[in-house]
Amino acid sequence: MTERSNFFHRIKFLGQQISRLLISLLVVILIGITNIVPAYAQVKTSSPNGATASVAKNPIFKPEKVRLGITPTGWSNSDDLTMDLNPAISYKQIISEIALAGFQGLQGAPKFPKDIATLKKDLKVRGLTISEPWVGTYFTIGAKEDSQKIFEDQMAFMQNFDSKVIVVAELGGAVHQQPIEPLNNRPQFTDEQWQQLIDGLNSLGDQAFANGMILCYHPHVGTGVEVRADIDRLMAGTKDHHVNLLLDTGHLYYSGVSQSEILDLINTYGSRIKHVHLKNIRQNILDQAKQKQLSFLSAIRSGVFTVPGDKNGVIDFDSILNKLAAVKYEGWLMVEAEQDPSNTNIKPLREPLEYALLARGYLRKVTGL
């Protein structure tokens, strides 16, 4: 690279950093303004005809029982690290923007420091905590001891934080990280494999409970527990133990579980839903992904997921959130929009912080939190 071209490259990089800093400063000002008035106060909104009306913002959940978080996957994908900004966004900027957007917690991510003391310090100064770890088990392929070790490591990790949720998904035969279409190629467990999974989960659930933790099973695209029938079988087999359900709206909808079926899941298993991922779907991109037989990661890169509150999303979160409130849900509401932030085909163009603010504003409007 010549000295002249290197100079212009440095100027371009500096300009990008200044732009991000200005956005962050603007957010600080906006958050300071919005925090002057409690979220549950009466607010004025304008109707399409220009009239104003008072909208009560009384929280639909108990504020002391429900916390709001967001995963870092809107900034940098944990399964494919090439989905990132250019230049790559730093770990500290990710957690700073999450805090600026008004969230309280987040998942871990590959970019985060491995040293627990450093991680805790960086999160604490921003008023954040880790909401959950990800535990992939392999009971259905006979890896019981490995699954146990992974679980124990993540349970020990979570002892450093005030959240007690352990997210678990069976990854035996899973295809969501493979370059193949996930729905038709996912594993179909035999009766023996189902029993291995249920026995393994019951053991982990009891261990979690004994250690003051809450095991939440995550039905996931491209795995052996994906659709309603799978969920019913798993919940029936674990009902006498401490195995709970993670409700992930995006994975369910992607897998073919309809909006009404998601609401029915909440009705059926409301007392066992202990963790929620709020993930929206762009219907046109989901249709294209299925038509073109895209892999799960390719669908993400194309923009299949977005946040609650995005008008381009198809999922009705008003009804889902109100249904969760009706069954007296307590726990985390985690915004999760696995996206490629460098995708320029999605209009309007938004940075990860803008998506986080969009989701946070929507949740404040609907839940009063």
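# A conversation on a predicted model

Visitor: At 0% relative accessibility, does Thr306 count as buried or exposed?
Guide: Thr306 counts as buried, because its relative accessibility is 0%. Please note that this is a predicted model.

Visitor: Where does Thr306 lie?
Guide: Thr306 belongs to strand β12, which covers residues 305-306.

Visitor: What is Thr306 in contact with, leaving aside its neighbours within four places in sequence?
Guide: Thr306 is then in contact with Lys279, Asn280, Ile281 and Arg282, and also with Gly313, Glu336, Ala337, Gln339 and Tyr355.

Visitor: Let us take a helix. What should the 15 residues of α4 span, at 1.5 Å a residue?
Guide: Helix α4, residues 144-158, should span 21 Å on that basis, and its end C-alpha atoms are 21 Å apart, which agrees.

Visitor: Which residues of α4 are buried?
Guide: They are Ser147, Phe151, Met155 and Met158. Seen down the axis of α4, these buried residues fall within an arc of 65°, so they line one face of the helix.

Visitor: What do the buried residues of α4 pack against?
Guide: Their partners are the strands β5 (129-130), β6 (134-137), β7 (165-170) and β8 (214-217), together with helix α6 (191-210).

Visitor: Which exposed residues does the face of α4 turned away from its buried side carry?
Guide: That face carries Glu145 and Asp146.

Visitor: Now α7. Which of its residues are buried?
Guide: In α7 the buried residues are Arg228, Asp230, Ile231, Leu234 and Met235. Viewed down the axis of α7, they fall within an arc of 155°, so they line one face of that helix.

Visitor: What covers the buried residues of α7?
Guide: The cover includes α6, β8, β9 (243-248), α8 (249-254) and α9.

Visitor: Since α9 has come up, how do the axes of α9 and α12 cross?
Guide: Helix α9 (residues 259-269) and helix α12 (residues 317-326) have axes that come within 10 Å and cross at roughly 10°. The two helices are therefore roughly parallel to each other.

Visitor: Which residues of α9 and α12 meet?
Guide: From α9 there are Gln259, Ile262, Leu263, Ile266 and Asn267, and these meet Ser319, Ile320, Lys323 and Leu324 of α12. By class, this contact has 5 nonpolar, 3 polar and 1 charged residues.

Visitor: A change of topic: where does His220 lie?
Guide: His220 lies in the loop between β8 and α7 (228-237). It counts as buried, because its relative accessibility is 6%.

Visitor: What does His220 touch, not counting residues up to four places away in sequence?
Guide: His220 touches Trp134, His176, Val225, Glu226, His251 and Phe296.

Visitor: On to the backbone. Is the peptide bond from Asn86 to Pro87 cis or trans?
Guide: The bond from Asn86 to Pro87 is cis, and its omega is near 5°. Pro87 is found in the loop between β3 (66-70) and α2 (91-100).

Visitor: What of the peptide bond from Lys347 to Pro348?
Guide: The bond from Lys347 to Pro348 is cis, with omega near -5°. Pro348 sits in the loop between β13 (331-335) and α13 (352-367).

Visitor: What is the phi of Gln293?
Guide: Phi of Gln293 is near 60°, a positive value in a residue other than glycine. Gln293 lies in the loop between α10 (283-291) and α11 (296-302), and at 44% relative accessibility it counts as partly exposed.

Visitor: And the phi of Lys328?
Guide: Lys328 has a positive phi of about 60°, although it is not a glycine. Lys328 belongs to the loop between α12 and β13.

Visitor: Is Lys328 buried or exposed?
Guide: Lys328 is exposed, with a relative accessible area of 68%.

Conventions: Residues numbered from 1 in each chain as written. Predicted model: local features only at pLDDT ≥ 70, side-chain atom pairs only at ≥ 80, totals over all residues. Heavy atoms only, no water. Helix = DSSP H or I, 4+ residues; strand = E, 2+ residues; numbered from the N terminus. Expected span 1.5 Å × (residues − 1). Buried < 20%, exposed > 50% of the residue type's maximum accessible area, 1.4 Å probe, protein only. Arc of directions from axis to C-beta. Contact = heavy atoms within 4.5 Å. Axes fitted to C-alpha atoms, helices over the stretch in contact; angles between N-to-C directions. Parallel < 35°, antiparallel > 145°, perpendicular 65-115°, else oblique. Nonpolar A, V, L, I, M, F, W, Y, C, P; charged D, E, K, R; others polar.
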